[in-house]
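Morning, everyone. Please bring up the model and keep the sequence beside it. I'll take it piece by piece.

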Amino acid sequence: MSQKSFHVAVVGATGAVGQQMLNTLSEKNFPIKKLSLLASKRSAGQVITFNGESHTIQEATPEAFEGVDLALFSAGGSVSKALAHEAVKRGAIVVDNTSAFRMDPNVPLVVPEVNEQDLLKHNGIIANPNCSTIQMVVALQPLHEKFGLKKVIVSTYQAVSGAGAKAVEELKDQSRAILNDEPFEASIMPCASDKKHYQIAFNAVPQIDKFEENGYTFEELKMMNETKKIMHLENLEIAATCVRLPVETGHSESLYAEFENGNPSVQEIRELLKTAPGITLQDQPEEQIYPMPAIAAGLPDVFVGRIRKDLDRDNAYHMWVVSDNLLKGAAYNSVQIAESLIKLNLL
């Protein structure tokens with residue numbers, strides 16, 4: 001790590017991901033000389049403790065970025081669109097955790113284990129991918145490097161924390177009400193801005209974000225398009241189905257992958273993933289050892305297990321991938337990007 005230290009701003013510091021960003025900066029001992037915590041006008045004045053020191057939340061305005069070297073954004077796409085370029089104008093490098101810039105051809109979309117070198121092409125803004133995309137590409141990249149990726153089909157089982165703190169509260173409130181045989185309301189799931197809302201407690205909802213004209217949800221299209229961009233595989237055949245489950249933290253994914261070259265054994269794939277960066281292998285079916293969100297929550301790695309050959313296609317394999325959506329899926333990956341910027345002498 002560089003001997004330099006930096007003026008860091010966290011935008012959306014009072015939110016769930018913002019809090020995880022602060023925790024990650026602290027745990028990684030990121031070289032901070034000054035910390036600015038920014039949020040909405042209504043949150044201004046709140047006090048947050050970081051590394052034993054009290055910091056007062058300031059309103060996120062263009063002027064708040066004066067002197068900032070690194071700005072970590074996680075306050076919603078509208079805030080990023082309004083303020084990211086303002087931060088860049090004032091000399092900051094922005095790592096944005098919203099969908100505002102992900103598919104902008106002039107903005108690198110980065111998972112350090114997969115495409116760190118794309119940071120060399122940044123113009124002030126770097127996009128952090130969707131949480132479900134991040135864990136998938138971390139698992140796929142070492143396999144693609146060795147065998148060439150041809151086709152991917154993914155079904156996700158996503159935690160409610162991906163929809164925010166209010167969604168978590170709704171899950172808990174509904175669960176209590178159902179267990180006590182009391183009436184309850186649904187006002188957030190599957191998508192707060194959509195027309196209908198359904199219970200998430202004791203349910204599985206096959207919709208995350210709004211539906212597009214082609215029948216896929218925006219979340220599914222994000223996974224498909226972002227994967228092609230991150231892995232530089234414009235011709236990859238990929239399809240996603242995204243489902244919300246009554247789990248508080250930790251996204252799970254069932255992955256089907258076809259390779260262009262070779263028919264490796266399951267053990268070969270295990271050995272490859274065991275040494276891959278950012279991956280913890282948990283694949284001992286005979287001992288009932290496999291990844292689960294209850295185990296992955298609070299940990300930064302991507303957990304992979306249930307690796308098995310497809311019974312009908314020699315070049316096809318299945319696996320189960322789990323990760324904490326607030327950590328590797330958001331805050332941890334953002335701070336990793338910042339560390340990569342230092343490593344590449346870009347910050």
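Start with Gln141, which sits in helix α4. This is a predicted model, by the way. Is Gln141 buried or exposed? Buried: its relative accessibility is 9%, and the cut-off for buried is under 20%. What does Gln141 touch, once we set aside neighbours within four places in sequence? The answer is Glu113, Val114 and Met231. Now look across to Asn115. Gln141 and Asn115 are 26 residues apart in sequence. In space, their C-alpha atoms are 9.3 Å apart.

Stay with α4, and bring in α9. Helix α4 covers residues 131–147. Helix α9 covers residues 327–343. Two packed helices are described by the angle between their axes and the distance between the axes. For α4 and α9, the angle is about 85° and the axes are 8 Å apart. So α4 is roughly perpendicular to α9. Which residues make the contact? From α4, they are Cys131, Ile134 and Val138. From α9, they are Lys328, Gly329 and Asn333. By type, the contact of α4 with α9 has 3 nonpolar residues, 2 polar and 1 charged.

Helix α9 has another contact to show you, with α1. Here the axes come within 9 Å and cross at roughly 50°. That angle makes α1 oblique to α9. The crossing of α1 past α9 is right-handed. On the α1 side, the contact uses Val17, Gln20, Met21, Thr24 and Leu25. On the α9 side, look for Leu327, Ala330, Ala331, Tyr332, Ser334 and Val335.

Next, the aromatics. A pair of aromatic rings is described by the distance of the centres and the angle of the planes. The structure holds 5 aromatic pairs. One of them is Phe6 with Phe30. Their ring centres are 6.4 Å apart, and the planes make an angle of 40°, a tilted pair. Where do the two residues lie? Phe6 is in strand β1, residues 6–11. Phe30 is in the loop between α1 and β2. The two are 24 residues apart in sequence, so the pair ties together separate parts of the chain. Both Phe6 and Phe30 are buried. There is also an aromatic cluster, formed by Phe147, Phe259 and Tyr317.

Last, the backbone. Find the loop between α5 and α6, where Pro190 has its place. Met189 and Pro190 are joined by a cis peptide bond, with omega about 5°. Asp181 lies in that loop between α5 and α6 too. Asp181 is not a glycine, yet its phi is positive, about 55°. Is Asp181 buried or exposed? Exposed, with a relative accessible area of 72%.

Then go to Arg306, in strand β13, residues 302–309. Arg306 is not a glycine either, and it has a positive phi of about 50°. At 38% relative accessibility, Arg306 counts as partly exposed.

To recap, α9 packs against α4 at about 85° and crosses α1 at roughly 50°. Over to you for discussion.

Note on methods:
Residues numbered from 1 in each chain as written. Predicted model: local features only at pLDDT ≥ 70, side-chain atom pairs only at ≥ 80, totals over all residues. Heavy atoms only, no water. Phe/Tyr/Trp six-rings, centres within 6.5 Å; stacked < 30°, edge-to-face > 60°. Helix = DSSP H or I, 4+ residues; strand = E, 2+ residues; numbered from the N terminus. Buried < 20%, exposed > 50% of the residue type's maximum accessible area, 1.4 Å probe, protein only. Axes fitted to C-alpha atoms, helices over the stretch in contact; angles between N-to-C directions. Parallel < 35°, antiparallel > 145°, perpendicular 65-115°, else oblique. Left-handed = near helix turned anticlockwise from the far one by under 90°. Contact = heavy atoms within 4.5 Å. Nonpolar A, V, L, I, M, F, W, Y, C, P; charged D, E, K, R; others polar.
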